[in-house]
Amino acid sequence: MPTLPNMQKTKEDKSLREKIFLDTVLADYKLACESREASLLGRKEVLTGKAKFGIFGDGKEVAQIAMAKQFQDGDFRSGYYRDQTFMMAIGQLTVKQTFAALYAHPEIENEPSSAGRQMGGHFSTRNLNPDGSWKQLTKQKNSSADISPTASQMPRLLGLAQASKVYRNHPNLPESFKTFSNNGNEVAFGTIGDASTSEGLFFETINAAGVLQVPMVMSVWDDGYGISVPKKYQTTKSSISELLKGLQRDAEHPGYEVIRVKGWDYPGLVSAYEHGVKIAREEHVPVLIHVEEMTQPQGHSTSGSHERYKTKERLEWAKEFDCITKMRSWIIEHELYTAEELDAIEAQAKKDVRIAQKEAWNDLRADIDTDTNSLLQVLNTFGSALPSGNEVLALRDTLTKTTEPIRRDLLDGARKALWITRHIQTPERNALQSWIKVQMDQNFERYSSHLYSEGSRSALLVPEVPPTFDESATKVDGRVVLRDNFAALFEKHPEILTFGEDVGKIGGVNQSMEGMQERFGELRVSDTGIREATIVGQGIGMAMRGLRPIAEIQYLDYLLYALQIMSDDLATVHYRTRGGQKAPLIISTRGHRLEGVWHSGSPMGAIISALRGIYVCVPRNMVTAAGFYNTLIKSDDPALVIEPLNGYRSKEALPTNLAEFTIPLGIPEIVTEGTDITIVSYGSTCNLAELAAHELKAFHISAELIDARTLIPFDKGHMIAESLEKTSRLLIVDEDVSGGAAAYILDKIVNEQNGYELLDSKPVTLTAKDHRPAYGSDGDYFSKPSVSDMVEAAYAIMHEADPQKYPPIYH
């Protein structure tokens, strides 16, 4: 039976207890019916064409209501696209908002999860104020923003749970951090479909949470299928809880509390969640709740029918064991309410859902109709003012006859009106152009804004503070610059913590964290297992809860393990919530020219293509790297910093204003000034290009070498174009493969900066070979651009310009 309130057992109290119990059961049943009707009607709306795609939570209603009973203010959810009823039960989703999401209403007021940027079924709460500052997360129920890729919600879940552990055990956080946590009492709730537990991200996260012992409650909704594939092909023993029995904790070994419960058993579900969540919240022990025998009445989604792959017997079983059907039988059997009373609840749910659906559709149409009417008026005025305006008026008439036009129809019609009147200039035509511009601006805000922070803590707004140096100081290894700067940052910002493979005890493979664990403790400087995806996931989740993690990926090549999470989750969280959530995670790694196929890669083209939404910093030395960390800590944007491997033992001056100096993002540095040719590079290769620029002096070639410093953003002030105004020649040197980062850089210079107008010679890209770097120093020489390659490439450009002054080297 559902747990009753804790009251003294007087007759009066017993009567009150019974009333509360009955009211609770009735409210639960009503909500389950409303959610089910929303799913059923939602499918119809897709099939009639009003919505594009639908994926719903039918069959999961009762379990999610039971889970929601234990979800408190400050808790976090990291789930998947079946959690519609849960979001309704915690008061963070209405039926009307469900349909607004289905129709992709692009306004936050109507669709607060993503403002229409994600498909229906992708839920989130608004955790930020309009100015980008944090809300008081302990005063609301929180859901991190969903993503579609299966099991990708898992790594972030680990970090959401770990944040509670940090908040409970951190001795030095200021009072202001109580807006994020109440002494670490928050639980992170995860949900996943049974078939998705086959993904590696699930197992990686489950293992890591068991090692870390964090307050995580993981629910597996098990309806027996992954689209059309039954679980006997998905999971060993056809049961995730059987497979994971070894996780069960005992007196000698920490682990999980593993609970199994039926998805149609209302009182059993309420008891299971009460028991499991209490353990997680009080003891900080992860809990796995396997909810079996769930159903999926409408199949996987609107893209197919489950009658194609489920037997008649299976379909009949699903009707009998439908959770709402079973709950209804339980209520009647225990004489809590009559069948007639439940019939009335069900009928009212149908009416209420239909009303909400119509309101959501009418709200969407009202916004579009306002734009439609304004355009029709502009077209009518424009066409009527023309001596032969029939074509413009015909476009007006086409729009008038279009049933329920969308904004695409409006903009296409308006732009075609401009095309056919391109030889005409009238005030009415100018009015049409103004209408189009306003619409483009408004729709940029609707569909393309908030890729990065747009508030006062944007990384692009952090003012530059140059490093200062003591002229009499001796130079130190680059790693010491990083180490001492990290120590200063940790002293100044108690919310910073770092973790990764070998980061803790030994201080990192290159000793840039040397002594940090001893100084700041294992809570803030910690080792992890070899599990790159969940290292990044730890950082995402903790950053979502107000901490400032620096997640270390040991080498750049290993970033590929985490690239999917970085791309699908971290890079999109601010965008896909339209500024409703943020995760200012800094990912630190090291890379470029080392030794061997899997230690020397520079997959920068893949990185910058996949990570729009994350700033990408590529410093050539450690003072610059440290300056980037200082800048990023002052901002709200996620970023990747790639420390140059050949810089840890290189000697650099140690700044005197550690943790204070900042390097601006998107501002290149002129390393050497010149007048004949502009060379652009970044990272470790830029250091070699500096040697090449020196060599070119012997040929009387004055090279201006520019270090890009960041690839995202790239040269905001068009410094490179200014250089080309002097030199008129361009060489881009890159250790990525051909068509990788060099192509991106070339596009930025030639197209965005209009560099093509300034060039007297063809721009040249010098890149690595199209294979992975071979092992050894000779492997590096023949796999990536060498100093000699750079010298000869620059010389060849000058030879083309003046063959007599620069005769060919090779005849």
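By class, how many nonpolar, polar and charged residues does the lining of the largest cavity have? In this predicted model, the lining of the largest cavity has 8 nonpolar, 10 polar and 1 charged residues. The volume of this largest cavity is about 130 Å³, and of the 19 residues that line it, T98, A101, G120, G121 and F123 are the closest to its centre. Helix α4, which spans residues 95–102, contributes the largest share of the lining of the largest cavity, with 4 residues. In total, the count comes to 4 cavities of 30 Å³ or more.

The second largest cavity holds about 70 Å³ of space, and 15 residues line it, of which L451, V573, H574, G613 and P638 are the closest to its centre. Here helix α19, formed by residues 573–576, gives the most to the lining, with 3 residues. When the residues lining the second largest cavity are sorted by class, 8 are nonpolar, 4 are polar and 3 are charged.

Attention then turns to helix α13. This helix comprises residues 407–420, and its 14 residues reach 20 Å from the first C-alpha to the last, close to the 20 Å expected at 1.5 Å a residue. The buried residues of α13 are R407, L410, L411, G413, A414, A417 and L418.

When residues up to four places away in sequence are not counted, S526 touches T498, F499, G500, V503, G504 and Q517.

Conventions: Residues are numbered from 1 along each chain as its sequence is written. This is a predicted model: local features need pLDDT of at least 70, side-chain atom pairs count only at pLDDT 80 or more; totals for chains, interfaces and linings use all residues. Side-chain values use heavy atoms; hydrogens and water are left out. Helices (H or I, at least four residues) and strands (E, at least two) are DSSP runs, numbered from the N terminus. The expected span of a helix is 1.5 Å times one less than its number of residues. Buried means under 20% relative accessible area, exposed over 50%, partly exposed in between (1.4 Å probe, protein chains only). Contact means heavy atoms within 4.5 Å. On a 1 Å grid over the protein atoms alone, a cavity is a set of points where a 1.4 Å probe fits but cannot get out, and a pocket is an open set with protein on both sides within 12 Å along at least five of seven lines; lining residues have an atom within 4 Å of a point. Grid points are joined across faces, edges and corners, and a volume is the space filled by probe spheres set on the points. Ala, Val, Leu, Ile, Met, Phe, Trp, Tyr, Cys and Pro count as nonpolar, Asp, Glu, Lys and Arg as charged, and the others, Gly among them, as polar.
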